[in-house]
Every structure is written in structure tokens, then in C-alpha cells.
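We'll begin with charge, then move on to fold, confidence and a couple of residues.

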Amino acid sequence: MSDSIRLSSVAINCANAAELAAFYADITGGRITFADPAWATVNGPGGRIDFQTVADYTPPTWPEPTSPVQMHLDFSVDDLAATEARVLAAGATKYDVQPNPDHCFVFADPAGHPFCLSTWDDVHA
């Protein structure tokens, strides 16, 4: 197994995943490849964007640096354990809450931005 990391998508938090996916599919010429009330995926000419419905979503105020987190990065990995060790050694912090620990780990980067390591490469493609 390898500890290589590949960007698989950008995931954007929002009030309604399907509605925001429809908007981005429209403006990018992409197509919605998955949608349910919690999650939606758009595959477009420039790559994949995922949308995650978040309860009590608050839009950001720009350019306010104290706005709530609105998106996180998802990275495809071959081996969660090996890659976890690598990102922890680089300065990441693993969150206590792990919604899908069989296939995905959630971390904070050194600045506090969340990101995911996942073996779900293109699960909704």
C-alpha cells in the first residue's frame, strides 16, 4: 500500500446540497452524478465538486476571516492508516468525531481547516 495523496474533490457546505449542485452544474456545464438530501456531486470539465447539506448553515461574510467553515478538501488515499500517520507527523490533528471511520478520516490542518482522507475515490462518479 502507498501513502500517496490525490485531490479527489472540493466539498462545500451549504443549506441544500441538491440546489447548490444544480447551480454549479448549470454554470460549469457539468452534470449532477449523485444527489440526495445530504450530499450532491457535480462532475464538470474542471473536476468534481461535492456539496454537503449542513443544519443551521450560515453563509460566510466576505472577506471576514472569522466566518464559519464553508468547505473542506477531500483527498483519495490507498491506505488510511499509513496516510493518517503521515498527516499527523506533518502537523494535522484528528478530530474526535469520525462519521465514517471505515472509509474516511477527518482532520484539521495546522491552521484549523478540516480535510478528509478517504478510500471512497470517485464513489459518486
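This is a predicted model: local features need pLDDT of at least 70, side-chain atom pairs count only at pLDDT 80 or more; totals for chains, interfaces and linings use all residues.

## Charge and surface

The protein carries 5 positive and 16 negative charges, and their mean positions sit 8 Å apart. For that tally, Lys and Arg are the positives and Asp and Glu the negatives, with His and the chain ends not counted. Each charge is placed at NZ of Lys, CZ of Arg, CG of Asp or CD of Glu.

Residues are numbered from 1 along each chain as its sequence is written, and side-chain values use heavy atoms, leaving out hydrogens and water.

The mean pLDDT (the predictor's confidence in each residue, from 0 to 100) is 88, and 92% of residues reach 70 or more. Confidence is highest in strand 2 (residues 31-35), at a mean of 97, and lowest in strand 5 (residues 71-77), at 83.

## Fold and packing

You'll find 2 helices and 8 strands here, running β-α-β-β-β-β-α-β-β-β from the N terminus. Both kinds are DSSP runs numbered from the N terminus: helices are H or I of at least four residues, strands E of at least two.

The C-alpha trace spans about 40 × 35 × 25 Å along its principal axes. With 125 residues, a compact globule would have a radius of gyration near 14 Å, and the protein's 15 Å agrees (taken over C-alpha atoms; the rule is 2.2 Å times the number of residues to the power 0.38). Of the 125 residues, 32% count as buried, meaning under 20% relative accessible area; exposed is over 50% and partly exposed lies in between (1.4 Å probe, protein chains only). Among contacts (heavy atoms within 4.5 Å) between residues at least 6 apart in sequence, 52% join residues at least 24 apart.

Ala85 sits in helix 2 (residues 80-89) and is partly exposed, at 46% relative accessible area. Ala85 and Asp3 are 82 residues apart in sequence, yet 9.1 Å apart C-alpha to C-alpha.

What is the phi of Asp56? Asp56 has a positive phi of about 60 degrees although it is not a glycine. Most residues other than glycine have a negative phi. Asp56 lies in the loop between strand 4 (47-53) and strand 5, and is exposed at 75%.
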